[in-house]
Amino acid sequence: MHPRSAGGPPASRGLLSPRPTPSLQDHSMPSTLLLAGGGLLALTSTLLAAGAASAAPMSGVTVGFGEAVPVNRGAFGLNNNNAAADARTNGDAYPALIKALGATSSRYLGGSSSSFWDWRTGKYIPADEITAIWPEHHGNWMLPLVADVARLPDGTLGPDNYAAFAEKAGVDVQWMTNFTTREDDQADMVRHLHDEGIPVKYLELDNETYFWGAEFGGGEDRSRKYIERVKDFTPLLRELYPDARVGVVASENGVFADEMHEKEDAHTLWNGVITRPAYRDLYDAFILHHYVMNQGTLDGVADGNVSDATLGPAFLTCPEVTLGHAIDVLAEEHGGIPMWITEFNVIGYYRIGNPDDEKPDTGVTDADAWIARTAHTPWNAIYQAGFWLMALQHPEAIEILNHHSVTNVDLGWGLGLPVSTEEADLTATGQLFAHLSHLAVGADGVMPLTFEGNPDLGSAFGGEEAGALQGVAVERDGKKHLIVINRGADPVSIAMPGGGAAERISYRTDRENPRTSRVKLAGETPVWRQGPMEPETVAVGAGGRVELPAFSLSVLMSGR
């Protein structure tokens, strides 16, 4: 566990180095969680008998509220493929879904399409220009979209219409530039936005440009040519939008884990070049993409005994371990520059067992099959929630966190599909996104929960140490509401602080759910109450006890 993870054991390196998992420890001894401010939470790893006396202080685990931080609105951003003929942004149903989800920002254009896009027409550049940089046989998924988009009237998918969508959806736009194939046109795009009175709060300077060697060259040239284009562009941007936050493409090599997953010099040298003194003042944040949970990622963790108990802790601790590693690396090596994680979530469901995978090893291990089974389930939703909690805990380090994506429901990544302005089909992950965003956004503040003596899971992600509990407290109207993930195979029981009633709402991984549920976007019943997961709700009186199920996320609604 990294030093910035609240209450975790000391950091150790060696992420993503599989190791055999020890047997799960027997945490049957009762402990007490002492809440800052005098409240007590008694905690055991076994169920407390119904009707037992209220907890008395005992030595053991203590929990406190960390220092309050501002609510991080950037934690609930979105990325979607807005460069397709069926992108839906020009209708009314899609913005109604986005508003109901409680999203706060959305990316335009989004993903690799941004590097091959003509903002003037709102269309892709010619296909032969695209394949000169990204050959068809190198997994180029965009090419089937080019002809369909070309048939649309000019401007249909242009920035003006997207600005109108954002206003209807109630989101800020993360505007993206194309420095790969239309670098000379980007100044005019910013002038156009300014002349039309379109606000620019965030500007993202292209997408994954470290891949485009055919345009930028190899070795150090690749990063230097990219950042020089940024340097030529930035003065106009600062003149027209002096308060805009600007993100620059950074390499993920060595950021989320120690390993350099890309060995080519163009990747290993990238961050060193873009942070040279001549360039460092051009931007405010690193743009990073989190694609860690993939084929082979959990191989070796279970030591041949694949089950929820052996793989679940490693799976659910991945967000905290990897983002914590990134926070530490950027603090130590780059002065604490903030992160914009403009794409995360993509568990490699599409790679597992895919014979067309470019990787030489396409065999499916038992651990891969376990990962594949998390699609469309509470496991996926709670995994994503680990990211949201980290962003809420560390707003100074994680400015933007974009869930990818909204509508890729078939791949197991999506939040939902629009049906009409009144209805949508919501996934389990969309349900939890809506619940937590509506709880956190607009709150008075957020406090990380610290867990001193948090029981060691013994099987955290990448061989790291981690405790079973991860959580934050959200303060609204003078009341603290705890959001806690139990990442362990054992249930945990807590006694809520006295002085008021409480409610525990839990999302459990041991419950089955349909892939989507049809929900009403307006009305008295919140969207998250209608989703495919059935939250387990328990009312608890003053001084009562409440159980946190194994492998679950619980929202503890304090009565005071």
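Phenylalanine 551 is buried in this predicted model. Its relative accessibility is 6%, and the cut-off for buried is under 20%, so the label holds. The ring of phenylalanine 551 pairs with that of tryptophan 379. Tryptophan 379 is buried too, at a relative accessible area of 7%.

How are the planes of these two rings set, and how far apart are the centres? A pair of aromatic rings is described by the distance of the centres and the angle of the planes. Here the centres lie 4.9 Å apart and the planes meet at 45 degrees, so the pair is tilted. Stacked would need planes under 30 degrees apart, and edge-to-face over 60.

Where do the partners sit in the fold? Tryptophan 379 belongs to helix H12 (residues 378–393). Phenylalanine 551 is in the loop between strand E23 (545–548) and strand E24 (552–558). The two parts are 172 residues apart in sequence, so the pair ties them together across that separation.

A search of the whole structure returns 27 aromatic pairs. Ring pairs also build a cluster. Its members are Phe116, Trp134, Trp141, Tyr210, Phe211, Trp212, Phe216, Tyr226 and Trp270.

One ring meets a charge. The charged end of lysine 480 sits over the ring of phenylalanine 65. The distance to the ring centre is 5.4 Å.

Now the backbone. Most residues other than glycine have a negative phi, and most peptide bonds are trans. The table lists exceptions.

| Site | Feature | Value | Loop |
|---|---|---|---|
| Tyrosine 108 to leucine 109 | cis peptide bond | omega near 15 degrees | leucine 109: between strand E5 (105–108) and strand E6 (117–118) |
| Histidine 404 to serine 405 | cis peptide bond | omega about 5 degrees | serine 405: between strand E13 (398–404) and strand E14 (416–418) |

Arginine 88 has a relative accessible area of 35%. Buried ends at 20% and exposed starts over 50%, so a value in between counts as partly exposed. Arginine 88 therefore is partly exposed.

Methods. Residues numbered from 1 in each chain as written. Predicted model: local features only at pLDDT ≥ 70, side-chain atom pairs only at ≥ 80, totals over all residues. Heavy atoms only, no water. Phe/Tyr/Trp six-rings, centres within 6.5 Å; stacked < 30°, edge-to-face > 60°. Helix = DSSP H or I, 4+ residues; strand = E, 2+ residues; numbered from the N terminus. Buried < 20%, exposed > 50% of the residue type's maximum accessible area, 1.4 Å probe, protein only. Lys NZ or Arg CZ within 6 Å of the ring centre and 35° of its normal.
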